[in-house]
Amino acid sequence: MTKINFSQLVQRSTSEIRSYLNTLADTMEQDILAHPSFEGKIVFGPVRSRRLGASLGVSNVKHKLCDYNCVYCQAGETTCCSKERDCCLSPYELYFFVKNKIETLERSSIHLDYISFVPNGEPTLDDQLATEISLLREFGYPIAVFTNGSLMWNDRVKEALMCADHVSVKLDSVNEETWRKIDRPHRKLRFDLLLEGIGDFSRAYRGVLTTETMLVRGMNDTIGEMEQLGNFLTTINRSRSYFVTPFRPPCEAYAVPPARETLDLIARYVNEHIPDSEMLCCPDRDEFTALGDVEEELLGIMSVQPLAEESVDTYLSRHTGSHLSINRLIDRGLVHRTTFQNRTFYVRHHQ
Ligand code: SF4
């Protein structure tokens, strides 16, 4: 493409200017997509979940840039515990990555229910989140954001989340001491602001707001905790509250699900006393579709969550032509094998 400067451009006819700008946009798009270091790491899937169906995952903050360091985090130890907002790709770069992926999915008639900003770090630490959501709207899919809710008191974060169709907010406890033990927040975060922020947001938000509570053995698995949480949940506008347990290898080995009898007691309490709530304690089977480079796609999904052995086997058996074997990824030091709750998982190493 021949480069021309601004004064040369304005002397051209409208159709020539339009054609030049279209060519320029195509060239930019090709340059951005050719950037190998981002392939599969920022946009991945679709991954199937019980709550959202098939969603295309987007994770545009640096790996484990988070203002929490939850004991059960499946993305590993927080590498950068920050409350400064930062992102990997510019909104336009992200737009082209998503566009490319959606075009590939649509060409293969693969159904998509959502585009989801998922936590491999905290999505609201992306200071361009609002612009990104607005740009991604063009594709016509509803947009979900999974957040830890820690910055919901911040006006810019609130504004960004307002643009999403579905916001899922983590709320492991309404007891500050428990919150500090489980979520290990950045020392400057204030618990009163967090609860106030979630409440205010819920009253102003017009989309679907859900909450998610991770139940961890010996930490927040008492009826007293559930009672306090239930009291708070009844004061906010939410569609549904979900209760889950760790089912992938956690950051800390002691972050395990409550004992069976405890879970039964909690389930009974939650069903009877917390309206619009649901226990989701049996693990989701990981189901994901990948159409691009088989290895990149697999590693991309693993950057966000460890994958169970049976899911990886199913995935690889569908792509026999690629000759990719999990042992090769292990030998190259990209992945390691571990067990959690009697299941084998593969976990991505992050350089
Ligand atoms: S679980 Fe979410 S909020 Fe907690 S440390 Fe991991 S990425 Fe951050």
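Me: Which residue lies over the face of Tyr242?

Reply: The general idea: a charge sits over a ring if NZ of Lys or CZ of Arg is within 6 Å of the ring centre and within 35 degrees of the ring normal. In this structure Arg51 lies over the face of Tyr242, at 4.8 Å from the ring centre. Before we go on, note that this is a predicted model, where local features need pLDDT of at least 70, side-chain atom pairs count only at pLDDT 80 or more, and totals for chains, interfaces and linings use all residues. Residues are numbered from 1 along each chain as its sequence is written, and side-chain values use heavy atoms, with hydrogens and water left out.

Me: How many helices and strands are there in the protein chain?

Reply: Helices (H or I, at least four residues) and strands (E, at least two) are DSSP runs, numbered from the N terminus. The protein chain has 12 helices and 14 strands.

Me: What percentage of the residues is buried?

Reply: Buried means under 20% relative accessible area, exposed over 50%, and partly exposed in between (1.4 Å probe, protein chains only). Of the 351 residues in the protein chain, 52% are buried.

Me: What share of the contacts with a separation of 6 or more joins residues 24 or more positions apart?

Reply: A contact means heavy atoms within 4.5 Å. Here the share is 72%.

Me: How many aromatic pairs are there?

Reply: Rings of Phe, Tyr and Trp (its six-membered ring) pair if their centres lie within 6.5 Å; planes under 30 degrees apart count as stacked, over 60 as edge-to-face and the rest as tilted. The count here is five aromatic pairs. Take Tyr95 and Phe139: their ring centres are 5.2 Å apart and their planes are at 20 degrees, so the pair is stacked.

Me: Where do Tyr95 and Phe139 sit in the chain?

Reply: Tyr95 is in helix H3 (residues 91-107). Phe139 is in the loop between helix H4 (129-136) and strand E6 (143-147). The two are 44 residues apart, and the pair links distant parts of the chain.

Me: Are Tyr95 and Phe139 buried or exposed?

Reply: Tyr95 counts as buried, at 11% relative accessibility. Phe139 is buried too, with a relative accessible area of 16%.

Me: What kind of aromatic pair do Phe201 and Tyr205 form?

Reply: Phe201 and Tyr205 are stacked, at 4.7 Å centre to centre with 25 degrees between the planes. Phe201 is buried at 0% relative accessible area. Tyr205 is buried at 5%.

Me: Which residues do ring pairs link into a cluster?

Reply: Tyr68, Trp179 and Phe191.

Me: Which residues come nearest to the ligand?

Reply: A residue is near a molecule if one of its heavy atoms lies within 4 Å of it. There are 10 residues around the ligand, and Cys66, Tyr68, Cys70, Cys73 and Asn148 come nearest.

Me: Now the backbone. Which residues does a cis peptide bond join?

Reply: Gly45 and Pro46, with omega of about 10 degrees. Pro46 is in strand E1 (residues 43-49).

Me: What is phi of Ser109?

Reply: Phi of Ser109 is near 55 degrees, a positive value in a residue other than glycine. Ser109 is in the loop between H3 and strand E5 (114-117). Ser109 is exposed, with a relative accessible area of 67%.

Me: And what is phi of Gln341?

Reply: Gln341 is not a glycine, yet has a positive phi of about 50 degrees. Gln341 is in the loop between strand E13 (335-340) and strand E14 (343-348). Gln341 is partly exposed, at 44% relative accessible area.
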